Amino acid sequence: MKKTPTSRTGWWIVGLLLKQFSSEGAPYWNNYRLVRGEDWRTAFRRATEMGKNDVRVGNRAFSNKQEFIGITDLLPIYDEFEDGAELLWEELWPDTENGDVLPIGVYTEAELESEYE
């Protein structure tokens, strides 16, 4: 079953997976943000820009280097919020038993296209 390709409010919750280059804390963070976009593709592209921008200009919560890995969630929402507000986060640890495997999957645009269109 395919997901609805649009959001009635034009707002989406997206998960941005970032790798932290620090000896303290979790090596991966999945930050949830609000993104405006009439359809999933616009939301995906805006979220990707936000993740890349966090790496480029830095994140106010961290002084260490980060790497943007990709989008982990893309969910339409029904209430009005502010653009770019972070809603949730989670600390993630890699699967070291299998060679530093990412602790969560990330989507490509093509994978989301198969779900929405």
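**Figure 1. Helix 1 against helix 2.** In this predicted model, helix 1 (residues 40-57) and helix 2 (residues 109-116) have axes that come within 11 Å and cross at roughly 160°. That crossing makes helix 1 roughly antiparallel to helix 2; angles over 145 degrees count as roughly antiparallel, those under 35 as roughly parallel, 65 to 115 as roughly perpendicular and the rest as oblique. The axes are lines fitted to C-alpha atoms, for helices over the stretch in contact, with angles running from 0 to 180 degrees between N-to-C directions. Helices here are DSSP runs of H or I with at least four residues, strands are runs of E with at least two, and both are numbered from the N terminus.

**Figure 2. Who touches whom between the two helices.** On the helix 1 side, the contact is made by Trp40, Arg41, Phe44 and Arg45, and on the helix 2 side by Glu109, Leu112, Glu113 and Tyr116. Contact means heavy atoms within 4.5 Å. Sort the contact of helix 1 with helix 2 by class and you get four nonpolar, no polar and four charged residues. For that sorting, Ala, Val, Leu, Ile, Met, Phe, Trp, Tyr, Cys and Pro go down as nonpolar, Asp, Glu, Lys and Arg as charged, and the others, Gly among them, as polar.

Figure 3. Leu112 is found in helix 2 and is buried, with a relative accessible area of 2% (buried is under 20%, exposed over 50% and partly exposed in between, with a 1.4 Å probe and protein chains only). Setting aside residues up to four places away in sequence, Leu112 touches Trp40, Phe44, Leu74 and Tyr107. Over in helix 1, Arg41 counts as buried at 16% relative accessibility. With residues up to four places away in sequence again left out, Arg41 touches Glu109, Glu113 and Glu117.

**Figure 4. Ser114 in helix 2.** Ser114 lies in helix 2, and its side chain reaches the backbone oxygen of Glu111 at 2.7 Å. Such a polar contact is a pair of N or O atoms within 3.5 Å; within protein, one must be able to donate a hydrogen and the other to accept it, and residues adjacent in sequence count only if both atoms are side-chain atoms. Ser114 and Lys2 sit 112 residues apart in sequence, with 8.0 Å from C-alpha to C-alpha.

**Figure 5. Thr9, ahead of strand 1.** Look for Thr9 in the segment before strand 1 (11-21). At 17% relative accessibility, Thr9 counts as buried. The Thr9 side chain reaches the backbone nitrogen of Trp11 at 3.3 Å.

**Figure 6. Gly70 in strand 3.** Gly70 lies in strand 3 (residues 65-76) and is buried, its relative accessible area being 7%. Not counting residues up to four places away in sequence, Gly70 touches Gly15, Leu16, Leu17 and Val106. From Gly70 to Ala47 is 23 residues in sequence and 9.0 Å in space, C-alpha to C-alpha.

**Figure 7. Val101 in a loop.** The loop between strand 4 (86-92) and helix 2 holds Val101. Val101 is partly exposed, with a relative accessible area of 37%. Apart from its neighbours within four places in sequence, Val101 is in contact with Pro94 and Asp95.

**Figure 8. Stepping back to the whole protein.** The secondary structure comes to two helices and four strands, and from the N terminus on the elements run β-β-α-β-β-α. Of the 117 residues, 38% count as buried. Among contacts with a separation of 6 or more, 75% come from residues 24 or more positions apart.

**Notes for every view.** Residues are numbered from 1 along each chain as its sequence is written, and side-chain values use heavy atoms, with hydrogens and water left out. As the model is predicted, local features need pLDDT of at least 70 and side-chain atom pairs count only at pLDDT 80 or more, while totals for chains, interfaces and linings use all residues.
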